[in-house]
Amino acid sequence: MNAVERWKQEKHPLDVIEDVYEYADGDLSFEEIEERAGDGEWERLKWAGMYAHGRHDDYFMLRTKVPGGFLTPEQAAVIGMVADEYATAPEEFGGEEQNEIWGDAFLDITTRQDIQMHWIEVTDVPEIWAAYEEVGLTTIQGCGDSARNVLGCPAAGLDDHECFDAQPVIDAVSDFFTENREYANLPRKFKLTITGCREDCAQSQINDVGLVPARKEIDGEELYGFHARVGGGLSDGPRMASNIDVFVRPEDAVEFCRAVAQTFKELGDRTNRGVCRMRYLVQQMGPENFEAAVRDRCDVPLYSQGRDLTRGYRGDHVGVHPQREAGLFYVGFNVIAGRMGGDELVAAAQAATKYGTDDTSVRLATDQNFLVTHIPEANLSALLNEPFARKYEHDPGPFARGVVGCTGSEFCNYGIIETKKRVYRWARALDRRIDTPDDLDVVRMHMSGCSASCAQPQIADIGFRGETVVVDDPEETTNEEGDTIVEGMDVGLGGSLGTDNQFLDWVEHAVPARAVVPALQQLFDDFAAERDPGEQFYEWTRRVDNDRLRTSMRRANANVSGGVAHDG
């Protein structure tokens with residue numbers, strides 16, 4: 001049994017919630033918390049949605065769950081106000097000038113439709129929880145070996161591309177698992193996605209459980225429901241989810257997800273943390289045997305598959321879009337790298353209330369952007385003229401539109417390189433320098449600061465995986481051996497989800513960061529010259545062999561291939 005499993009046996013992870021109140025009441029430092037509860041407490045605190053900052057003692061990252069990405073304006077405003085008041089750096093770490101792009105009191109929209117904040121002190125957590133409780137928000141099980149935030153289409157209930165609105169099912173599944181002690185100690189994190197959307201905006205192919213829309217005749221009646229995919233995921237062992245032969249009625253979705261969690265709980269590996277994710281269990285058992293194990297544990301009938309209604313993958317809602325209801329629109333705003341000020345989210349929530357109908361909402365998307373919904377056509381111009389709307393454009397360039405960045409070394413224990421500022425600057429620079437084809441709306445460029453894949457690089461047109469790189473530059477040596485060690489990355493090309501789903505190929509390794517933008521410029525020059533009509537960038541990178549892609553990148557006026565991965 002690994003160390004994390006021992007820590008969970010010593011104390012049930014959900015018991016840490018009561019401990020947080022005591023730590024706050026006593027104003028305990030990190031050192032005092034560890035003296036009292038041992039080093040396993042840092043792992044258990046994840047069940048409260050709290051991660052210790054990797055480089056700043058006595059400060060936490062706090063993750064707020066937003067099932068399906070759906071927020072009322074009131075909820076969005078509370079999140080923004082919490083960030084504005086509590087997510088503030090101390091003067092010793094830069095204070096209001098801690099970050100030259102975003103300043104202070106910012107929040108991050110994640111690829112799992114969560115909100116993350118930094119610089120949170122334990123003394124402030126009870127006050128944050130009280131504010132959240134008033135509007136129906138929680139951080140509980142935002143992290144840890146349990147069901148995480150349940151993903152959904154951010155345009156649920158709005159758009160003609162969906163078969164039915166699955167948000168009520170998302171809420172029911174989320175409610176079932178939250179604070180459920182029986183399923184709060186799984187072998188590893190458990191990621192679910194549920195959608196009635198034909199375009200799989202919730203990324204079922206890379207989650208542990210993905211429920212996607214389907215239709216089947218049962219007892220002479222045509223019913224909408226779900227088909228199921230299991231065992232998807234990224235990180236160091238990426239795997240596309242497998243279809244299993246089940247049709248799940250919406251009213252049975254909670255029980256089906258419980259049965260999958262039960263199967264994982266009983267049969268999943270609890271020894272090696274590196275292979276404890278459910279995708280390894282599905283791979284080991286095979287999808288058919290895994291399905292049989294789920295059926296054995298499920299207390300509702302699981303019918304065989306009906307007619308699948310998924311037709312592809314979209315995952316992008318930036319822009320002005322008509323809703324089903326005549327005269328109403330939703331607007332998708334582009335948040336480069338997912339980071340924005342808490343006061344700006346408050347402004348977006350206030351604008352939703354001011355310009356929207358009574359049904360207006362703020363939605364978070366898996367590409368780290370957000371939507372404001374139910375805007376009458378007569379109010380669109382006024383909404384788009386708000387300061388936050390001018391900053392977070394609804395019609396950005398293709399690189400800004402598709403960029404995703406993880407937390408990176410700025411705050412994360414695992415981050416090897418800085419990511420947020422880098423992808424922000426790169427996206428802006430590439431949109432200025434590269435004249436992309438008119439029919440190329442988005443270039444998905446995802447940067448992860450390590451191999452954990454929080455930014456989902458494997459499914460991007462262009463993916464980056466951070467590492468340190470040794471380059472031959474004796475005049476700027478950084479260690480006793482005479483090496484020059486710089487931030488760099490592996491560069492991958494050609495990933496996507498959908499009917500032509502495929503993980504990217506890691507085409508070039510150990511590229512110094514300063515060489516990447518010139519290399520991409522050279523790639524896009526060749527793409528523009530060689531592409532077939534209507535061909536997307538990821539399609540071109542698959543058609544062209546990797547040796548040619550490497551050669552193209554190395555023709556750039558930069559030291560693209562001059563680095564070696566650093567083992568330190």
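Visitor: In which order do the five strands of the open sheet stand, and what counts as pairing?

Guide: Two strands are said to pair if DSSP finds at least two bridges between them, and strands (E, at least two residues) and helices (H or I, at least four residues) are DSSP runs numbered from the N terminus. In this predicted model, the order of the five strands in the open sheet is β1-β2-β5-β4-β13, with antiparallel pairing. At the edges stand β1 (50-52) and β13 (339-341), each with a single partner strand, so one side of each is left without a neighbour in the sheet. Neighbouring strands of this sheet are turned by 30° against each other on average, direction ignored.

Visitor: Before we go on, what are the ground rules for the numbering and the values?

Guide: Residues are numbered from 1 along each chain as its sequence is written, and side-chain values use heavy atoms, with hydrogens and water left out. Because this is a predicted model, local features need pLDDT of at least 70 and side-chain atom pairs count only at pLDDT 80 or more, whereas totals for chains, interfaces and linings use all residues.

Visitor: How many bridges join β4 to β13, and which helix packs on the sheet there?

Guide: Strand β4 (residues 106-109) and β13 run antiparallel and are joined by three bridges; Asp108, for instance, has Arg339 in β13 as its bridge partner. Helix α11 (residues 342-355) packs on the sheet and touches both β4 and β13, and its direction makes about 80° with that of β13. Axes here are lines fitted to C-alpha atoms, for helices over the stretch in contact, and angles run from 0 to 180 degrees between N-to-C directions.

Visitor: At what angle do helices α9 and α10 pack, and which residues make the contact?

Guide: Angles under 35 degrees count as roughly parallel, over 145 as roughly antiparallel, 65 to 115 as roughly perpendicular and the rest as oblique. Helix α9 (residues 278-285) packs against helix α10 (residues 287-297) at about 110°, their axes being 6 Å apart, which means that α9 is roughly perpendicular to α10. Contact (heavy atoms within 4.5 Å) is made by Met278, Leu281, Val282 and Met285 of α9 with Pro287, Asn289, Phe290 and Ala293 of α10.

Visitor: Which residues have the most contacts inside the largest nonpolar core?

Guide: In soluble globular proteins, nonpolar side chains tend to be buried together. A nonpolar core is a set of buried Ala, Val, Leu, Ile, Met, Phe, Trp, Tyr and Cys residues joined through side-chain atoms within 4.5 Å, where buried means under 20% relative accessible area, exposed over 50% and partly exposed in between (1.4 Å probe, protein chains only). The largest one here has 60 residues, and those with the most contacts inside it are Met50, Ile79, Leu107, Met117, Ile120, Phe333 and Phe370. Helix α5 (residues 73-86) gives the most to this core, with seven residues. A second, separate core of 38 residues includes Ala400, Val423, Leu549 and Met553.

Visitor: Is Lys189 buried or exposed, and what does it touch?

Guide: Lys189 lies in the loop between α7 (167-177) and β6 (192-194), and at 18% relative accessibility Lys189 counts as buried. Beyond residues up to four places away in sequence, Lys189 touches Gly144, Asp145, Ser146, Arg148, Asp208, Phe264 and Arg277.

Visitor: How many residues of β15 are buried, and which strands pair with it?

Guide: Six of the seven residues of strand β15 (residues 370-376) are buried. β14 and β15 form a hairpin with five residues between them, and Gln368 in the turn has a positive phi of about 70°.
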